[in-house]
Amino acid sequence: VAAEQILDVWPKVEPGLSVIRKRCKAQWFERDIRRHLLERRASLFVSEQGFLILEKCSEPLTFEPYLNVWLMFFRAGEAKKRKTELVAWLDAFAKHERCVTWKFSSPREEWAGEMKDVCEVEVITWRRT
């Protein structure tokens with residue numbers, strides 16, 4: 001979605017972000033995500049089934065670029081139903097962006113079982129609050 005279209009699709013995206021924030025006890029707010037998108041620090045891809053928010057990052061020591069799947073929201077069961085298509089699209093988009101790979105992290109344990117056939121666990125982060 002182009003920067004000038006962010007506000008047009010925002011009513012479709014914001015409710016999904018609210019669900020993610022509550023479900024994952026995220027430290028950000030929807031306005032923070034909108035600011036990142038408007039400042040082009042992240043990219044938004046919207047479909048009828050949901051949306052992805054991606055950002056190009058680099059490894060801290062090697063500086064190798066990777067695509068971070070920052071936020072993803074789909075209607076119940078849609079991501080699972082379209083997993084092969086979604087993974088292929090992410091592979092292609094990462095390559096298009098000249099990224100070595102793509103990654104995502106989530107506090108939701110069910111992703112570990114769902115993605116084990118296409119991704120490997122890289123690191124588990126523990127945080128004391």
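**Figure 1. Y66 stands opposite T101 in strand β4.** The model shown here and in the other views is predicted. Strand β3 covers residues 65-74. Strands β3 and β4 run parallel and are joined by 3 bridges. The ring of Y66 also takes part in a contact with a charge: the charged end of K103 sits over this ring. The distance from the charged end of K103 to the ring centre of Y66 is 4.4 Å.

**Figure 2. Four strands make an open sheet.** The sheet has 4 strands in the order β1-β2-β3-β4. The pairing is mixed. Strands β1 (43-46) and β4 (101-103) stand at the edges. Each edge strand has a single partner, so one side of β1 and one side of β4 are left without a neighbour in the sheet. On average, neighbouring strands are turned by 30° against each other, direction ignored. Strands of a sheet pair through backbone hydrogen bonds, and the pairing is either parallel or antiparallel.

**Figure 3. Helix α2 packs on the sheet.** The helix spans residues 30-38. Helix α2 touches β1, β2 (50-58) and β3. The directions of α2 and β3 make an angle of about 135°. D32 has 19% and counts as buried, because the buried class takes values under 20%.

**Figure 4. F45 and F93 pair edge-to-face.** The structure holds 5 aromatic pairs. In the pair of F45 and F93, the ring centres are 4.9 Å apart. The ring planes meet at 70°, so the pair counts as edge-to-face. This pair links distant parts of the chain. F45 belongs to strand β1, and F93 belongs to helix α4 (residues 83-96). The two residues are 48 residues apart. F45 has a relative accessible area of 24% and is partly exposed. F93 has 16% relative accessibility, so F93 counts as buried. Together with W89, the residues F45 and F93 form one aromatic cluster.

**Figure 5. R31 lies over the face of F29.** The distance from R31 to the ring centre of F29 is 4.6 Å. A salt bridge is included in this view: R21 and E30 meet through their side chains. The N to O distance in the bridge between R21 and E30 is 3.2 Å. E30 is buried, with a relative accessible area of 8%. The structure holds 6 salt bridges. Side chains of opposite charge can pair when their charged atoms come close.

**Figure 6. E78, K81 and R82 form one salt-bridge network.** The side chains of E78 and R82 meet in a salt bridge, with an N to O distance of 2.1 Å. E78 has a relative accessible area of 11%, so this residue is buried. R82 has 29% relative accessibility and counts as partly exposed. Salt bridges that share partners join E78, K81 and R82.

**Figure 7. V100 lies in the loop between α4 and β4.** V100 is exposed, with a relative accessible area of 56%. The residue touches E64 and P65, not counting residues up to four places away in sequence. V100 and S58 are 42 residues apart along the chain. Their C-alpha atoms are separated by 9.5 Å.

**Figure 8. E120 is placed in the segment after helix α5.** Helix α5 covers 110-115. At 74% relative accessibility, E120 counts as exposed. E120 and K103 are 17 residues apart in sequence. In space, the C-alpha atoms of E120 and K103 are 9.6 Å apart. K103 is the residue whose charged end sits over the ring of Y66, and Y66 is the residue that stands opposite T101 in β4.

How values were computed:
Residues numbered from 1 in each chain as written. Predicted model: local features only at pLDDT ≥ 70, side-chain atom pairs only at ≥ 80, totals over all residues. Heavy atoms only, no water. Pairing = 2+ DSSP bridges. Axes fitted to C-alpha atoms, helices over the stretch in contact; angles between N-to-C directions. Contact = heavy atoms within 4.5 Å. Phe/Tyr/Trp six-rings, centres within 6.5 Å; stacked < 30°, edge-to-face > 60°. Buried < 20%, exposed > 50% of the residue type's maximum accessible area, 1.4 Å probe, protein only. Lys NZ or Arg CZ within 6 Å of the ring centre and 35° of its normal. Salt bridge = Lys/Arg side-chain N within 4 Å of Asp/Glu carboxyl O.
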